[in-house]
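Hello,

Here is the structure for you to look over. My notes follow below it.

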Amino acid sequence: MARGRKQNNNGKRLATQQSVDQAVKSICDIMRRGNCAGAMQYVPELTWILFLRILDEKEHREEQEAEALGVRFRSSLEAPFRWRDWAAPPETLPEGQTNKRVELQNSPQNAFFNFVNTELLPHLKGLKNLPDASPRQKVISEIMTGVERVRIDTERNFLDVLDKVDQLTAEAVDPTHVFTLSQVYEGLLLKMGEKGNDGGQFFTPRQVIKAMIQVIDPRADETVYDPGCGTGGFLAQSFEYITGKLGNSATADQLETLKQQTFWGREKENLIYPIALANLILHGIDKPNLWHGNTLTGRETYGGLFEGAPQAFDVILTNPPFGGKEGKEAQTNFDYRTGATQVLFLQHVIRSLREGGRCGIVIDEGLLFRTNEDAFVKTKRKLLDDCDLWCVVSLPGGVFTAAGAGVKTNLLFFTKGQPTRKIWYFDLSDLKIRKKTPLLLKHFEECLRLLPTRGDSDLSWTVDMDARKQAAAEQARPLKEHTAKSQQAAQWSQRVADLKKARPRDDRAIEEAEAKIKELTRDSRDLAAKAKEIEDAVYDLKAVNPNKKPNVDTRTPEELMNIIEAKGKEVAEALAALRRARNPN
């Protein structure tokens, strides 16, 4: 914002939530009529426009602070590519001052679009290629990377959007009464995640995120990583959680570390990656360390913002994709190969967590109970051998319906470095989740209250994994005789070899010996399969609440017959009344 510039919104502050909502709605209305029909079209367009507006305000404030301290300030953008130059409405400028926008508006038709499409956008996207590009300039380039041209159909509609976005500033929004700009942006992302917009797969409900963060409790001196960060919700909310806990006691060094070196993430989708960057910037993270590319294959689109990333992280919070299929390129990077995306992500998470590090992850229930595929079982065995899986929360169905995923999901919390001895479960599966009755933070209150002591209740219980493994081993022990049968089959194979060398050749004896080999081999295989099935069943980790009372009909046959008879009389009386109405005579 240029020095001396007039107050936005005719000098009024956006002092109520309704006023902010109305301002955002009016912007979206213009964009919808301007060729951006759905949220998947207008949110990415509004992202880069709003980002450039906030960037200009931020850099103007930093320039003033540097001037007051007498230090040099290096702006990321120079004229005419700053918001104040090409986008700020002329009426907001100091008396007698003009800008690039005035010049463009007084030029022939399409001059404005020509400038934005052929000068502004290419300049912004090319900043990361400067020899001395700053981290912020690299962020600007990455946010603009997918913007080929203005999507809004006419210059008039575009200018109307610029005028209204110009009012959405940290200065204009009263933070004591209304949402901050970061929360305004979260609302836009929620619209993109609504059913029918195809963006829900990148948006985890914020109440789920907040509950997971409370359980994991990330601290100011820890690194936080999300290998499939989507729109950046886990990282943004972790920043708010940590800074909120620090409060006024936060030191300048702590805040600088949080804004520059704490939050790391990866995202594959070209459309979503810039949105995640903008989301983190709006939340106050100056340097979003996001890697653009396929986490599972390692194929990089852009890694310039991920330079200096630690080899392992203190905290991982993530909702990886589930239900997807990966090809051989991804599978070759993992110990236990499968096409199941969620299984590969869990292996990546275990590998990326430092010793003593903590993880909270959303997992589909299929991964928990499936024991019929080696990669599923071995991945869960590694999880329980290398990590202490101390909590599983069974979520109700419908939590991710808006994301196009109707599958049942669970939250897993674990610490790397010690094997799992006991798992504490909490069951939220009986909650009825609908669009108008979403999952709320209050639904987690009892879970959060009982978790520190792993307390038992109607909704919580503990599974002793050591006892379960021991019971399985004892049950499988009698079946281990398959080893002896395998050895006997080998002895018979040697006998067949000897019989075939003998002269005269005894074909009947050879035939009997070969039949014996087949019998012993079949028995050995069957016994081994049964033993493996028993041992693998240990890794069915599905939450099955032992306290849930079955819904049993206790009515006697006599009571049921009386009910049927009474209902029959009601039906007969209703039919008689209908006949009388049709034939009054």
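**What was found**

The accessible surface of the protein comes to about 29,300 Å² (Shrake-Rupley method, 1.4 Å probe). Carbon and sulfur atoms hold 49% of that surface.

Please note that this is a predicted model: local features need pLDDT of at least 70, side-chain atom pairs count only at pLDDT 80 or more, and totals for chains, interfaces and linings use all residues. Residues are numbered from 1 along each chain as its sequence is written, and side-chain values use heavy atoms, with hydrogens and water left out.

The 10 strands form an open, mixed sheet in the order 4-3-2-1-5-6-8-7-9-10. Strand 4 (300–302) and strand 10 (460–464) are at the edges; each has a single partner, so one side of each lacks a neighbour in the sheet. From one strand to the next, the twist averages 20°.

Strand 6 (353–364) pairs with strand 8 (409–416) in the antiparallel sense, over 7 bridges (DSSP must find at least two for a pair). Gly360 stands opposite Phe413 in strand 8.

Two helices pack here. Helix 9 (206–216) touches strand 5 (313–318), strand 6, strand 7 (387–394) and strand 8. Its direction makes about 155° with that of strand 6 (axes fitted to C-alpha atoms, N-to-C, 0 to 180 degrees). Helix 18 (465–476) lies across strand 9 (422–427) and strand 10, at about 50° to strand 10.

Best wishes

Conventions: Helices (H or I, at least four residues) and strands (E, at least two) are DSSP runs, numbered from the N terminus. Contact means heavy atoms within 4.5 Å.
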